[in-house]
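Subject: Structure for you to look at

Dear colleague,

I am passing on the structure we spoke about, together with some notes on what was found in it. Please have the sequence and the model open while you read.

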Amino acid sequence: MEQGKDIVILAIESSCDDTSAAVLKNGYLLSNIIASQKVHEAYGGVVPELASRAHQQNIVPVVDQAIKQAGISRKDVSAIAFTRGPGLLGSLLVGTSFAKGFALASGIPMIEINHLQGHVLAHFLKEEGAENRSPKFPHLCLLVSGGNSQIILVKDHLEMEVIGQTIDDAAGEAFDKCAKVMGMPYPGGPLVDRLAKEGNPDAFQFAKPRIKDLNYSFSGLKTSFLYFLRDRLKENENFIEENKADLCASLQKTIIAILMDKLVKACKQTGIREVTVAGGVSANSGLQNALRAEAEKRHWNLFIPKFAFTMDNAAMIAMTAHYKYLKGEFAAMDAIPFARMNIQE
Ligand code: KG4
């Protein structure tokens, strides 16, 4: 890197159903545009083919807006970063292809990013006028999203190890699938969160897994929730409508208890008290309250991301790219996306 030269990263995130572009200058976020796709609501889940088509429509205006809002010109960009995986292959291809075209046209390097590392490193983003705290190493990150539930030992910016993970469904999937059974639209997580605030969390009891080590399981809870409703609906066809808030509160309480149990165990086992949370489910108000309570009780130094950084966003991709840029880790022009990737790939 040339001494004194600004590092300006333009990043693209297109791994699932949000098209996002961000500009980061010397670690400071200048813009983070996210275009969410509404087209999937009618289908109760993300339809991969529709997602890639929507990414294709969104990507040029989203990048254009990110550059304009950042107040930079295309010529100022030092490198373009893109999410290589994990995610939906067609969606990832849109971002990867766009990045290649942009890199070739501008004569700048490309940086490929692991989406999971991005979530973890969102805590290092700096914004003008903000407090800008960031966790020390090593720390533990509870990564909870629609596709992942993991406890990650973060040793350095680009050195991470998964020490616990789900053996079946992710926490976000548990929220979404149970919400679907209650007749709610996709994604159900935020709706369950909202309704849970009006309900009694002790109204109903659902199955909790007995999994060894630091691993998670949510499929048993989903089945227990489904069978519970099936039996109650036989007695009262309005059971869901009459008990929706209590059902949401009890379901949310169970999911949070499962997540917190292993996180506390991981902190005890490693002796680490520096704790972060990341991913879409980290926006859950009940989970945030549980984390704060545990942090106070156990003297954790806790980091909760701001809302825009909980969901899929290009800001976190740009942050990860900044560290890779500093190490000179650039992608080859024949880089291809991967649907599956581990945290350390
Ligand atoms: O990280 P993310 O945006 O992307 C994917 O993994 O695709 O996470 C999305 C997940 C969905 O399952 C959604 O229901 C869940 O995060 N989610 C929530 C909340 N906000 C988003 N779950 C519970 N409470 C919330 N407030």
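The notes below cover the helix packing, then the ligand site, and finally some details of the backbone.

Please bear in mind throughout that this is a predicted model.

Helix packing

Two packed helices are described by the angle between their axes and the distance between the axes. Helix 1, which spans residues 48-70, packs against helix 2, residues 89-106, at an angle of about 40 degrees, and their axes are 9 Å apart. With that angle, helix 1 is oblique to helix 2, and the crossing of the two is right-handed. On the side of helix 1 the contact is made by Ala51, Ser52, His55, Gln56, Ile59, Val60, Val63 and Ile67, while helix 2 contributes Gly90, Ser91, Val94, Gly95, Phe98 and Phe102.

A second pair is formed by helix 5 (residues 189-196) and helix 7 (residues 239-270), whose axes lie 8 Å apart at an angle of about 110 degrees. Because angles of 65 to 115 degrees count as roughly perpendicular, helix 5 is described as roughly perpendicular to helix 7. Here Val192, Asp193, Leu195 and Ala196 of helix 5 meet Lys244, Ala245, Cys248, Ala249, Leu251 and Gln252 of helix 7, and the residues of this contact divide into 7 nonpolar, 1 polar and 2 charged.

Ligand site

The ligand is surrounded by 19 residues, of which Gly146, Asp176, Asp193, Gly280 and Asn284 are the closest. For aspartate 176, a polar side-chain atom lies 2.6 Å from an oxygen atom of the ligand, whereas glycine 146 places a polar backbone atom 2.8 Å from a ligand oxygen. In serine 145, an N or O atom of the side chain is 3.3 Å from an oxygen atom of the ligand.

Backbone details

The peptide bond from glycine 85 to proline 86 is cis, with omega near -5 degrees, and proline 86 sits in the loop between strand 4 (79-85) and helix 2. Another cis peptide bond, with omega about -10 degrees, joins phenylalanine 137 to proline 138, and proline 138 belongs to the loop that runs between helix 3 (115-121) and strand 6 (139-144). Asparagine 132 is also placed in the loop between helix 3 and strand 6, and its phi is near 55 degrees, a positive value in a residue other than glycine.

Methods:
Residues are numbered from 1 along each chain as its sequence is written. This is a predicted model: local features need pLDDT of at least 70, side-chain atom pairs count only at pLDDT 80 or more; totals for chains, interfaces and linings use all residues. Side-chain values use heavy atoms; hydrogens and water are left out. Axes are lines fitted to C-alpha atoms, for helices over the stretch in contact, and angles run from 0 to 180 degrees between N-to-C directions. Helices (H or I, at least four residues) and strands (E, at least two) are DSSP runs, numbered from the N terminus. Angles under 35 degrees count as roughly parallel, over 145 as roughly antiparallel, 65 to 115 as roughly perpendicular and the rest as oblique. A crossing is left-handed if the near helix is turned anticlockwise from the far one by less than a right angle, and right-handed if clockwise. Contact means heavy atoms within 4.5 Å. A residue is near a molecule or strand if one of its heavy atoms lies within 4 Å of it. A polar contact is a pair of N or O atoms within 3.5 Å; within protein, one must be able to donate a hydrogen and the other to accept it, and residues adjacent in sequence count only if both atoms are side-chain atoms. Ala, Val, Leu, Ile, Met, Phe, Trp, Tyr, Cys and Pro count as nonpolar, Asp, Glu, Lys and Arg as charged, and the others, Gly among them, as polar.
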